[in-house]
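Subject: Structure for your review

Dear colleague,

Please find the sequence and the structure below. A summary of what was found follows directly after them.

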Amino acid sequence: MPPQATTKEEEKMSSVAPIPQPLEHSSSQRGAGANISNADASEGEFRPALSRDSSQHVIGHAGILANGDQVNGEYTNGTMNGATDDRVSQHTVDIDTQDNNRLHRDRKPPLPITVKFVDLRNTVKIEGKTTWSPKHPFKFRRQPEIQKEILHGVTGSVMPGETLAIMGPSGSGKTTLLNLLGGRNHHGITGQSTYNDIPYNKALKRRMGFVTQDDVLFAHLTVRETLVYAALLRLPTASFTRAQKVARADETIVELGLERCRDTVIGGPFFRGVSGGERKRVCIGHEILVDPSLLFLDEPTSGLDSTTALRIIQVIRNIAKAGRTVLTTIHQPSSRLFYMFDKLILLSQGNSIYFGNAKEAPAYFSSIGLTPFIAMNPADFILDLASGNLNDISIPPALEKSSTMQIAGSDKPLLAAPSPSEVHSYLVQRFEQELLPKEKSKLLSLGSTKEELKLGVTAKREWSTSWMDQFSVLMIRGLKERRHEYLSYLRFVQVFFISVIVGCLWWRSDRKTEADVADQMGLIFFIAIFWGMFPLFTAIFTFPQERAMLNKERASDLYRLSSYFMARTLGDLPLDLVMPTIFVLIVYFMTNLHLSAAAFFLTLLTVYINVVVSQGLGFMIGAVLMEVKQATTLASIVMLSFMLTGGFFVQHIPVWMKWLKYISFNYYNYRLLTKIQYSGSEQYDCNTSTGCKSMSTASVFHGMNLAGGGIDAMALLIMVVGYRFLAYFALRRLNIRH
């Protein structure tokens with residue numbers, strides 16, 4: 001997109017991010033009424049006083065001071081008198097560099113999308129609690145279900161090239177509104193929201209970017225790897241070659257100023273990586289790779305220092321200037337950040353109390369009798385109003401009457417501060433009387449959207465890449481992200497020492513007597529149990545730990561669930577089979593098991609199948625519960641049940657519990673390993689007076705038929721497929737519910 005024309009003054013401002021210097025004032029300039037505390041010069045907020053040419057935006061006690069203009073509490077630069085103050089934008093910082101303009105010049109501009117929403121309401125159901133009383137120990141009472149309305153008829157609009165800020169105190173409904181407009185919530189919604197006059201549809205997913213409040217990224221990937229894999233998944237193969245996708249990721253790195261950390265890992269809670277601001281820019285880059293027409297951001301500056309927050313908002317402004325529609329929630333921005341937004345929705349307890357030009361918000365509240373007595377950040381001022389806090393703020397006449405108290409024995413009434421509920425009711429009433437009718441009439445006057453723009457948001461939903469491309473990219477990404485786990489020396493040390501301990505305990509075991517055979521049967525059962533539990537409790541964590549990433553990427557239609565599932569379950573197999581191989585190589589020859597090539601490789605293959613089956617069971621439990629503690633508890637119960645019914649500890653299981661052994665993979669694995677090691681033609685106790693005995697008659701086998709083994713192998717293979725199918729359908733159910 002061609003860069004926008006700028007004036008010479010704006011070009012100067014875009015090339016440098018000036019830091020305002022503290023102003024020097026004489027005592028005559030301070031005045032008695034300007035009781036203003038000094039503050040951080042770099043934030044451009046509070047000053048001891050203001051000269052006529054000051055570049056700060058401050059709310060004064062007598063009205064609104066915009067660029068030093070104060071006219072007896074009347075706003076002379078905003079909509080109150082029909083004019084706009086263009087000078088305010090001159091004091092914000094613009095970082096459109098020549099590099100960014102060059103990067104956008106060759107790109108196809110995004111489809112312009114206008115978002116409109118009228119009387120948007122959202123209701124959630126709160127399940128009633130179950131209560132119990134010791135007076136009635138056998139009686140449980142369940143409270144009725146409660147419906148709570150989170151949003152109460154919110155109306156507004158935002159055009160391409162504009163940035164809409166959604167502000168309000170905690171619990172006011174900011175994130176709820178953003179999720180509704182971003183298509184992340186479809187339940188309990190009434191009212192109308194349109195995109196180029198078309199209701200939300202799944203085709204819009206590929207024209208949206210959604211940056212969540214939590215930075216959901218893979219900790220062990222570098223910045224460049226994160227964006228390259230996102231480009232390979234999100235950019236359409238029909239329009240981009242692989243080299244062009246990688247080039248787009250590199251362009252995004254330059255555009256967001258991430259060149260210095262491009263090869264640095266993202267980092268996690270236990271090891272360092274990029275900074276918080278860089279992490280947030282990576283999240284934004286992840287969404288703007290596809291040049292979305294709509295960009296939603298949930299509190300992108302939370303937890304960041306003022307300088308980093310400024311850089312993030314500058315990036316967001318540049319994204320909007322490229323023709324995109326940007327909506328963001330933000331919590332208590334500095335004055336510099338506040339004046340960088342084009343539009344503002346101010347929420348209080350789910351109600352709108354302001355919608356319009358962000359710069360004109362303080363003037364509107366001043367016009368309805370709410371003016372600060374001291375200079376303060378305009379964002380702090382309007383958030384105080386939204387919270388019902390009128391400290392250091394004038395009380396309008398309507399609220400003075402409602403808050404007048406009469407003291408016994410005194411003829412003079414006492415003015416009490418109005419309650420937050422009274423302030424809230426007043427603000428909602430004035431908004432519905434003055435601003436809401438104008439906004440609704442403005443929405444009607446916008447007219448109908450062109451047909452070609454409507455078609456752009458109703459185009460057929462198609463995947464950007466093929467199933468095989470998604471599978472290969474996800475597999476490679478998964479291997480890179482988890483290579484530190486599988487190649488960890490701790491895992492090697494763990495398996496190695498267990499193997500050596502087992503080899504020493506069964507050192508050079510023999511099968512000459514029935515007691516020797518009984519010892520070897522204990523070894524075989526241990527192998528079956530160990531390689532059933534070890535992979536099971538590792539696989540349990542797979543889907544619960546990746547749930548946030550899966551929800552985020554699936555909500556953006558990055559890939560099919562089937563391609564993710566296959567890549568996640570098959571991609572780890574080569575690394576998962578390294579440890580069993582090491583174990584079998586050490587244990588098999590130290591314990592002197594059946595020394596033949598066929599027996600060795602069949603034992604190794606059976607252990608592999610055992611690993612895959614137990615992994616599938618772990619995938620299924622994790623996918624069904626999606627909560628690590630619950631999944632671990634259930635897995636412990638299941639594994640102990642399978643172990644007890646595996647055919648080693650208990651031989652005479654009650655009939656009504658016998659079904660457990662037939663669903664126990666330990667039962668089939670133990671039988672298969674036994675049949676590989678022994679055959680009915682073998683003999684033992686040949687050195688006794690009774691003569692040689694057939695191995696099939698040994699009591700340690702409890703009548704097991706040592707021939708065959710096909711049924712046991714078939715049962716294990718059915719479990720390999722069955723557990724994974726159940727895990728997939730559990731994820732599918734979770735995806736539909738989400």
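Of the 738 residues of the protein, 51% count as buried. Please bear in mind that this is a predicted model. The protein contains 28 helices and 18 strands. It exposes about 34800 Å², of which carbon and sulfur atoms supply 58%. When contacts between residues at least 6 apart in sequence are considered, 73% join residues at least 24 apart.

Helix 5

This helix spans residues 174-181. Its buried residues are Lys174, Leu177, Leu178, Leu180 and Leu181. Seen down the axis of helix 5, these buried residues fall within an arc of 160°, so they line one face of the helix. After helix 5 comes Gly183, whose phi is positive, near 75°.

Aromatic pairs

How many aromatic pairs does a search of the whole structure find? The search returns 35 of them. One is formed by Phe338 and Tyr339, with 5.5 Å centre to centre and 85° between the planes, an edge-to-face arrangement. Phe338 has a relative accessibility of 1% and therefore counts as buried, the cut-off being under 20%. Tyr339, at 6% relative accessibility, counts as buried by that cut-off.

A further pair joins Phe600 and Phe601: the ring centres are 5.1 Å apart and the planes stand at 75°, so this pair is edge-to-face. Are the two partners buried or exposed? Phe600 is buried, with a relative accessible area of 10%, whereas Phe601 counts as exposed because its relative accessibility is 56%, and the cut-off for exposed is over 50%.

Ring pairs also link a cluster of residues, made up of Phe543, Tyr559, Tyr564, Phe565, Phe619, Phe725, Tyr728 and Phe729.

Charges over rings

Which residue lies over the face of Phe210? It is Arg184, at 4.2 Å from the ring centre. Arg206 is placed over the face of Trp463, at 5.1 Å from the ring centre.

With kind regards

Note on methods:
Residues are numbered from 1 along each chain as its sequence is written. This is a predicted model: local features need pLDDT of at least 70, side-chain atom pairs count only at pLDDT 80 or more; totals for chains, interfaces and linings use all residues. Side-chain values use heavy atoms; hydrogens and water are left out. Buried means under 20% relative accessible area, exposed over 50%, partly exposed in between (1.4 Å probe, protein chains only). Helices (H or I, at least four residues) and strands (E, at least two) are DSSP runs, numbered from the N terminus. The arc is that of the directions from the helix axis to the C-beta atoms. Rings of Phe, Tyr and Trp (its six-membered ring) pair if their centres lie within 6.5 Å; planes under 30 degrees apart count as stacked, over 60 as edge-to-face and the rest as tilted. A charge sits over a ring if NZ of Lys or CZ of Arg is within 6 Å of the ring centre and within 35 degrees of the ring normal. Contact means heavy atoms within 4.5 Å. Accessible areas come from the Shrake-Rupley method with a 1.4 Å probe; for residues, only the protein chains shown count as cover.
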